[in-house]
Amino acid sequence: MLRLLLRVLAFVAVLLVVLVGGLFLISGERLAKIAGDQITNALGREVRISEDLRPQLFPNLGVRTGAFSVAGTDGTGALVTGEGLSIGVDLLALFSRRVDVNEITLVSPTLTLIKGADGRTNWSDGTGESAADSTEVGGGAPEVSLAQLSVQNGTVSYQDLGSGLDMRFEDVNLSAAMPNADAPLTADVSFVTSGQSASGSFELASLSRLLTGEMVGASLNATVGQNTVSFRGNASLVGVLEGDLDANLPAPDGLMALTGGAANPLPADILPIEVSGVLSATPEAVGIVGGSYRLGPNQLQGPVDVTLSDVPFVSAQLTAGALDLSFLSAEEGSAMADPAEGKGWSTDPIDASGLSLVNADIRLDATAIDLGTTAMQNVAATVTVENARAVATIIQAEAFGGALVGQFVANNRNGLSVAGEMDGKTVAIQSLLTDMAGFDRMRGAGNTQLSFLGVGQSVDAIMRSLSGSAALDIGQGDITGFDLASLFGGGDAVEAVGDRATTIFRSLEATFDIENGVMRNDDLLITANLFEATGLGDIDLGRQRVDYTLRPSVFENDLTGGFSIPVRIEGPWSSLRVYPDLEAVARDRLRVEEEKLRAEAEARLAAERQELEDRANSRLEEEKQRLEERLSDEIRRGLGGLFD
């Protein structure tokens, strides 16, 4: 673009020499042809100027042309068109064979920039080499100075046929001045794009030194709607910037119009955005040293570096005080099912496409982070993003009244999936379960472990697909909604169930397997002053339903004499039904009776079997005795014959 600017300046210089030199000597037709030919040679592309050339004596001596156009590359259409040019020169300088320009005005110019799908542009010659940049006319060019350059009611359009980017800047007004090549170049510009007005001022210490490759002083002050950006430092021809940056962006969505962006509006909770620090930028990377960043009520500090590529890479080391990110947990409009059915998760599609827009490696240390339902203190965490996969690692944090470490993953490479591992020590169970599963009926402090994996494009789909495992080890606490001591003891079920009913326990332990959004448990153990109970059943996270049974294993007290009743907990989370399982009692009694009868029958059978065996053994013994006696008699008779 800079090469294009230099060619345009050469175009203006040649035009001045030709037009002013022949202002009163040559016909308009002849002058237009000469000017067009010379500028065509200077720019390396065809230039046409209307024959409507008129001398101008007031307010400055000069000339006013008719319509003009500059062709694009390889017949791609006009690069620049305009209604005319107005050039004012210094009359006294003409007598010294110099053309000192007091003012150049481009009237309603239109600059059309097109980048094809193959990467070729209509403003380059396609070879990478510049066309003739010389402003020589004949044997030599006069010395030229630019006192004032103006653009009135201009238009700039840019199309990238490869990416589909289409930008248009209208009502462009420019005023620039450079008394000589070594003097500062100053410019003021204003324009409108996508309904958003913008203006700015620019100053460059020396254009000539810039063109020789030196770093020169530069400053910029820009306003886009309510947003302001200022820079003061140094710049080079190859796009290197070094200096102080200060940006105040109360309405950054309007700023996106400058790049043709159609991003979703940023949350009002992080506005205004303010950035200040020492900027270091090249065409390949941008960095801020000693940076200070404000996002709404949140203030952060630290270095940030951005590597510019197809997918930018952001690295940062940030520190902060208390961060308010409670807006992240605010409910968005979602399709909610009937709570009576226990289906309360949002079915709105989750747009995770932003994970593919940037790669990152960020470290954050904060004294506190408020996530709405979760508050953490003394947080040390990292966030890495690579190829649409983000990993947030909590190195240390104080949360839910205890210590928390863990890792959470969001992967959008082949559809959205989320996963995590969390280990909490002496955490507040009510806060944890409310935040993780929307269940707020249990209180106490204990240790927790959780690992999970879910897939889907909505919270509802993810919760219904969850797999993994969990464990609870809680000390003293309570569960609201029912009184197990009364229910186990056969008390009044009406008074034992309700918002005022509470089960107080000394300890609670359980492990869970999670599959298809259902947590299954068969080893719950609750100990209390009046009872000990085990439990088993399902907690359906996807449908927000419970199907669980608590069974007393020890219950000995003066009130009940040891009689106990199992308790059923079932239904949606919004209206759990807790009641004594009398059917289970009947089944248990029937089972006990059956076992008793079976034992009695088996005992009778065993006794009869033993009696039969005893009788048989007695008969066998008698028969054996008779056989032995007969055998003895036979032996005696046989021996008696031997001695006869």
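**Entry 1: the whole chain**

I am working from a predicted model. I began with the overall counts. The chain has 644 residues, and 38% of them are buried. I then looked up the secondary structure and found 34 strands and 10 helices. Next came the surface. The accessible area of the chain is about 34,800 Å². Carbon and sulfur atoms account for 54% of that area. I also looked at contacts between residues at least 6 apart in sequence. Of these, 47% join residues at least 24 apart.

**Entry 2: the negative patch**

Which residues gather in a patch of negative charge on the surface? I noted D473, E509, D513, E515, D522 and D523. I then asked which strands supply at least two residues each. The two are β29, residues 507–515, and β30, residues 518–527. β29 gives the largest share, with three residues.

D513 sits in strand β29. Is D513 buried or exposed? Its relative accessibility is 56%, so I logged D513 as exposed. The cut-off for that class is over 50%.

**Entry 3: the nonpolar patch**

I turned to nonpolar side chains on the surface. L211, L237 and V238 form a patch there. Together these three have about 250 Å² of accessible area.

Where is L237 found? I traced L237 to the loop between β14, residues 227–235, and β15, residues 241–249. L237 has 35% relative accessibility, so I put it down as partly exposed. That class runs between 20% and 50%.

**Entry 4: D171**

My last stop was D171. I found D171 in strand β10, which covers residues 165–178. D171 counts as partly exposed because its relative accessibility is 39%.

Which residues does D171 touch, leaving out those up to four places away in sequence? I listed N153, G154, S190, F191 and V192. I also checked D171 against Q152. These two are 19 residues apart along the chain. Their C-alpha atoms are separated by 7.8 Å.

**Entry 5: recap**

- D513, in strand β29, is exposed at 56%.
- D171, in strand β10, is partly exposed at 39%.
- L237, in the loop between β14 and β15, is partly exposed at 35%.

Of these, D513 belongs to the negative patch, and L237 to the nonpolar one.

Technical notes. Residues numbered from 1 in each chain as written. Predicted model: local features only at pLDDT ≥ 70, side-chain atom pairs only at ≥ 80, totals over all residues. Heavy atoms only, no water. Patch = residues over 30% accessible without salt bridge, like charges linked within 9 Å, V, L, I, M, F, W, Y side chains within 5 Å. Areas by Shrake-Rupley, 256 points an atom, 1.4 Å probe, with all protein chains shown as cover. Salt bridge = Lys/Arg side-chain N within 4 Å of Asp/Glu carboxyl O. Lys, Arg positive; Asp, Glu negative; His and termini not counted. Charge placed at Lys NZ, Arg CZ, Asp CG, Glu CD. Helix = DSSP H or I, 4+ residues; strand = E, 2+ residues; numbered from the N terminus. Buried < 20%, exposed > 50% of the residue type's maximum accessible area, 1.4 Å probe, protein only. Contact = heavy atoms within 4.5 Å.
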